[in-house]
Amino acid sequence: MRPSCSFATEHLTRPVTGLIHTHSHVDHFGGVLGVITHEQASSGEIPVLAPRDYVDESLAENVLAGNVMGRRATYMYGNLLKPSTRGFVSTGLGAALSMGSTGFVIPNDIISETGETRTIDGIEIEFQMTIGVEYQAVDKALLLDSRCSGMSEITSITCNNSSSTPCGAQVRDARLGCTDQRVHRLFGDKLEVCSSRAHHWPI
């Protein structure tokens with residue numbers, strides 16, 4: 001069954017005016033059709049931003065290798081184990097995996113270089129490209145007006161992923177992760193709140 005964004009549009013306190021895909025992992029973009037429609041993306045009615053190579057990387061990892069990874073993830077996360085009254089098996093970076101359908105839309109605005117800015121709904125956003133640090137299509141966003149940064153997959157409250165996962169996701173290059181600390185030089189004096197890797201809490 002195709003996802004519908006009617007629930008979101010009915011219950012959100014304000015309309016969706018823009019969407020940012022930070023990187024090519026399905027748990028960060030797969031719910032897109034629960035928020036907007038293909039038509040809103042293709043017509044440009046709602047800006048859909050993504051880093052360069054996002055489409056190719058998303059298809060390569062989640063479609064070509066997706067079936068194998070999905071099967072392995074079932075064992076890796078134990079997501080078919082039934083919850084009990086005393087709890088359930090956590091996936092570590094989140095409570096549980098979604099077992100629903102996956103959506104995908106083609107971005108209508110591509111971020112290619114560090115320092116590019118966009119204004120969405122009156123909020124100016126500055127982007128930093130971090131290609132190859134954890135994935136081949138990654139960026140971070142700084143909401144200048146709010147002095148808040150969305151750190152994508154680069155910053156983690158716990159330990160960053162720096163190896164291959166049991167499900168077979170691409171190997172992360174720890175060397176690049178350690179050297180890419182430009183965020184402090186670029187945004188350090190502008191930030192008040194850091195949303196650390198969409199899996200974790202803001203600081």
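Analyst: Helices (H or I, at least four residues) and strands (E, at least two) are DSSP runs, numbered from the N terminus. Aspartate 121 sits in the loop between strand 4 (117-120) and strand 5 (123-129). This is a predicted model, in which local features need pLDDT of at least 70, side-chain atom pairs count only at pLDDT 80 or more, and totals for chains, interfaces and linings use all residues. Residues are numbered from 1 along each chain as its sequence is written, and side-chain values use heavy atoms, with hydrogens and water left out.

Aspartate 121 is not a glycine, yet its phi is positive, near 55°. Its relative accessible area is 43%, so aspartate 121 is partly exposed (buried is under 20% relative accessible area, exposed over 50%, partly exposed in between, with a 1.4 Å probe and protein chains only).

Aspartate 53 also has a positive phi, of about 75°, and is likewise not a glycine. It lies in the loop between strand 2 (48-51) and helix 4. Aspartate 53 counts as partly exposed because its relative accessibility is 40%.

Helix 4 covers residues 54-64 and contains aspartate 56. Aspartate 56 counts as exposed because its relative accessibility is 55%. The C-alpha atom of aspartate 56 is 8.8 Å from that of serine 24, and the two residues are 32 residues apart along the chain.

As background, the protein chain has 7 helices and 8 strands, and buried residues make up 35% of its 203 residues.
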